[in-house]
Amino acid sequence: MAELILHHYPESPFSEKVRAILGAKDLAWRSLQVSMVMPRPATIALTGGYRRIPVLQVGADVYCDTALIAEHLDDLGTGPTLYPMGQVLAAQTLARWVDTELFWAAVTLRFLPENMGNFFTDPATAQAFAEDRANFAQGAQVRRVPVDEAQARYARFLAEMETQLGDGRPYLFGADWSIADFSVYHMLWFIHAGGGMADRLAARAHVSTWMERMRRFGEHAGEAISADDALAIAHAADPLPVEQASDLPAIPPGTEVNVAPVDYGVMPSHGTLLRCDTNVIVIRREHALTGAVNVHFPRHGFGVTRY
Ligand SMILES: N[C@@H](CCC(=O)N[C@@H](CS)C(=O)NCC(=O)O)C(=O)O
């Protein structure tokens, strides 16, 4: 198998979800650290426009969105599945809720002045970040959560988690982890990265123990790789074969399409549709820097339109 190359940056919570899964599954990975703000030329050459982070590159295949990256990693490495029999619906539904509803509360909480810690090293970085995220927010369909509502949403969630873990189980749904543990972990990691809300966590003994268990997975570092080397790897590889099919009658395989998130960061990727089913959307792209690549998206949360 080609090496796993994660395009990410240290402060990114969704990247922390993937870093923790890589650690839990004891998978070797290469770390392509990108800037916290645009431009990200190598990553965009590979995705064709999609700009959310992280992205997983495996040879000439590119996996967008942590929901799909987690599914891709599940079969690799060691340890229990992220989708345990009998818990799939509960685990996936909780993971999706945390990645969206709790995430927007977390963004409000993380950027409270008293909880920002040293997120910005200087005013120029803060200004560049604000400008970049204003661009990122263009066309978004999400509601920013007011502070009181965010505080209440998180307090209630922590209380429910403490109850859930109250019988001493190591993971949210029992003896083994599921995708829900990793989604919840990265969200709490993000909220508490600034240190200003440590007392909330400290007041929850079971959640704190669970959090330390999960945090250790995230400490499994990847070996650095440069953007040029990652591009050369894509260029030298062929994308994996894909069985062509589309469940969209008006957009058959071979159509030039845009694929974009439906909620925020809606900058589309452009390419030729190879597959669209209930699980995935796959497009083929060509770029001078990458050669032919296949870009994979989850169907949930993404839309396909004619180019
Ligand atoms: N649903 C996406 C969410 C990804 C996401 O929101 N990533 C943030 C960083 S943690 C992002 O892309 N922010 C804008 C940026 O970094 O350009 C996933 O699971 O991958």
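Which residues have the most contacts inside the largest nonpolar core? In this predicted model, select Leu4, Leu73, Met161, Phe182, Leu188 and Trp210, which have the most contacts within that core of 63 residues. Now colour domain 1 (4-78 + 222-306) and domain 2 (88-216): both contribute residues to the core, so it lies between them. Apart from this core there is another, made up of 21 residues, including Ala234, Val259, Ile281 and Val293.

Go back to Trp210 and show its surroundings. Beyond its neighbours within four places in sequence, Trp210 is in contact with Met161, Leu165, Pro170, Tyr171 and Leu172, among others. Asp181, Val184, Tyr185 and Leu188 are also in contact with Trp210.

Next, select helix 9, residues 205-217. Its buried residues are Val207, Trp210, Met211, Met214 and Phe217. Look down the axis of helix 9: these buried residues fall within an arc of 105°, so they line one face of the helix.

Keep helix 6 and helix 9 and hide the rest. The two helices pack at an angle of about 85°, and their axes are 8 Å apart. Because angles of 65 to 115 degrees count as roughly perpendicular, helix 6 is roughly perpendicular to helix 9. To see the contact, show Leu158, Met161 and Glu162 on the helix 6 side, and Ala205, His206, Val207 and Trp210 on the helix 9 side.

How values were computed. Residues are numbered from 1 along each chain as its sequence is written. This is a predicted model: local features need pLDDT of at least 70, side-chain atom pairs count only at pLDDT 80 or more; totals for chains, interfaces and linings use all residues. Side-chain values use heavy atoms; hydrogens and water are left out. Buried means under 20% relative accessible area, exposed over 50%, partly exposed in between (1.4 Å probe, protein chains only). Helices (H or I, at least four residues) and strands (E, at least two) are DSSP runs, numbered from the N terminus. The arc is that of the directions from the helix axis to the C-beta atoms. A nonpolar core is a set of buried Ala, Val, Leu, Ile, Met, Phe, Trp, Tyr and Cys residues joined through side-chain atoms within 4.5 Å. Domain bounds come from an automatic or database domain assignment. Contact means heavy atoms within 4.5 Å. Axes are lines fitted to C-alpha atoms, for helices over the stretch in contact, and angles run from 0 to 180 degrees between N-to-C directions. Angles under 35 degrees count as roughly parallel, over 145 as roughly antiparallel, 65 to 115 as roughly perpendicular and the rest as oblique.
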